[in-house]
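Have a look at the structure first.

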Amino acid sequence: MARSILIDVGMQDLVILGQQGIKSVPSRSTRKRKARAKLAAKVRDERFRAGPYWFKMLIPEATAGVIMGHGGSTLINLEKETLAAIKLSPYGSYFANSCLRVLVVAAPTLEALEKVITKIVANFILEDDSSNSIYISLASPEALAAARNIDPSLRVAEPTLQHGNESIMEVSLEDYNNDKILLSIACAAIAVAIQFDRSHISDTVRLAYDANVQTLADDMDTLVDAHFCNIVCGCKSLVPPATLDWLSKNYRVEIDTFSDEHQCYVIRIGGIVRDVYTALHTLALMSVI
C-alpha cells in the first residue's frame with residue numbers, strides 16, 4: 001500500500017505522522033460533517049443530562065456493538081423511535097470488576113423509558129442466544145427493595161456485582177419460562193418502579209469506572225475529531241468512477257480523485273475512521289493503491 005501523503009485525523013498513531021511533517025488538508029465536506037457530528041453529540045449530551053428518568057444496565061461487548069450499529073446508525077434510530085438518549089461506556093471500559101459494558105438510558109417520560117428498555121432487552125440483548133440474563137444496576141437499598149417487589153426471584157438473590165452503593169442484579173430468562181417479551185416487560189417495570197429514588201442519580205448515570213476515563217466528555221470537539229479522518233494516498237492507476245461510487249455507498253465515505261504536481265493519480269478518502277480504513281483495505285485488495 002502506498003504511504004499516506006496527506007492526513008487529517010485525531011488518532012494517536014496518525015498524529016505521529018503529522019509531527020513528521022505530513023500536511024493536514026481537511027476538505028470542506030469533511031469539516032461540515034464534523035460540525036454536524038459535534039452539534040448532534042452536543043444535543044444528545046444535553047438530552048442525556050436533562051433526563052429526568054435514567055436507568056442503567058450492563059451488557060456484553062458484542063451486544064454493545066449491535067446496539068451501536070454501523071457508524072452509530074442503529075443507536076440513532078433507536079433514540080429517534082423512543083425519544084430517549086442512550087450512552088455506552090467507552091470501548092474497553094467496563095463496570096468495576098467485570099467484563100461488561102455500561103449502558104445508561106435517559107428518557108423524558110416514564111412511557112419513553114418503558115418503551116426503550118423493552119426494545120433494548122427484547123430486540124438486542126436477548127436476540128443473542130448466548131444471553132440468558134439481564135444485568136440491572138440498582139443504586140440504593142431502596143431501589144433494590146422496589147425491584148424485588150416487581151421480580152419475586154430477586155427477593156432471595158444476592159447481587160452479582162457490587163460497587164459502592166450500586167448493586168448489580170441478574171434477572172434470568174429462565175425465571176420467566178424463557179419468554180423474552182415477558183422478561184423485557186419486567187425489566188421495563190423495574191426501571192419505572194425505581195425512579196422514586198432520586199438521591200443516587202450520580203451513581204445511576206455513571207458510565208466509566210476507570211480512573212482515566214471521564215463520564216461525560218467536556219471537550220466535544222476532541223471527542224468527534226477522534227472519530228474522523230481524511231487520508232490521501234497515491235494510486236497505481238486511475239480508479240473507475242463506478243468503483244468510487246460503489247465504495248462511497250457501501251462504506252459511507254467521501255472519495256475524490258485528482259492529480260498531484262507530478263501528474264500522479266491521488267485518491268482522498270474521508271469519513272469515520274473505521275469506514276475509511278475498510279475502504280482503504282478494499283482498494284488494497286483490488287491492487288489500486
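The crossing of H6 and H7 is right-handed. This is a predicted model, by the way, so please keep that in mind as we go. H6 covers residues 141-150 and H7 covers residues 180-193, and the two pack at an angle of about 145 degrees with their axes 9 Å apart. Which residues make the contact? From H6 we have Ala146, Ala147 and Ile150, and from H7 we have Ala186, Ala189, Ile190 and Ala193. Sorted by class, the contact of H6 with H7 has 7 nonpolar residues, no polar ones and no charged ones.

Now let's move to H3, residues 61-68, and its meeting with H5, residues 110-125. Their axes are 10 Å apart, and the packing angle is about 110 degrees. H3 and H5 are therefore roughly perpendicular to each other. Here, too, the crossing is described as right-handed, this time for H3 and H5. On the H3 side you'll find Thr63, Val66 and Ile67, and they meet Ile120, Phe124 and Ile125 in H5. By class, that contact of H3 with H5 has 5 nonpolar residues, 1 polar residue and no charged ones.

H3 has another packing partner in H4, residues 73-82. How far apart are the axes of H3 and H4? They are 5 Å apart, and the angle is about 65 degrees. That makes H3 and H4 roughly perpendicular to each other. The residues that meet are Val66, Ile67 and Met68 in H3 with Ser73, Thr74 and Leu75 in H4. The contact of H3 with H4 divides into 4 nonpolar, 2 polar and no charged residues.

Let me turn to the backbone. Gly51 and Pro52 are joined by a cis peptide bond, with omega at about 5 degrees. Pro52 sits in the loop between H2, residues 28-50, and strand E2, residues 53-59. Then there's Leu83, in the loop between H4 and strand E3. Leu83 has a phi near 65 degrees, which is a positive value in a residue other than glycine.

Finally, a word on rings. How many aromatic pairs does the structure hold? The count is 0. There is a charge to show you, though: Lys87 lies over the face of Phe48, 5.5 Å from the ring centre.

Key
Residues numbered from 1 in each chain as written. Predicted model: local features only at pLDDT ≥ 70, side-chain atom pairs only at ≥ 80, totals over all residues. Heavy atoms only, no water. Axes fitted to C-alpha atoms, helices over the stretch in contact; angles between N-to-C directions. Helix = DSSP H or I, 4+ residues; strand = E, 2+ residues; numbered from the N terminus. Parallel < 35°, antiparallel > 145°, perpendicular 65-115°, else oblique. Left-handed = near helix turned anticlockwise from the far one by under 90°. Contact = heavy atoms within 4.5 Å. Nonpolar A, V, L, I, M, F, W, Y, C, P; charged D, E, K, R; others polar. Phe/Tyr/Trp six-rings, centres within 6.5 Å; stacked < 30°, edge-to-face > 60°. Lys NZ or Arg CZ within 6 Å of the ring centre and 35° of its normal.
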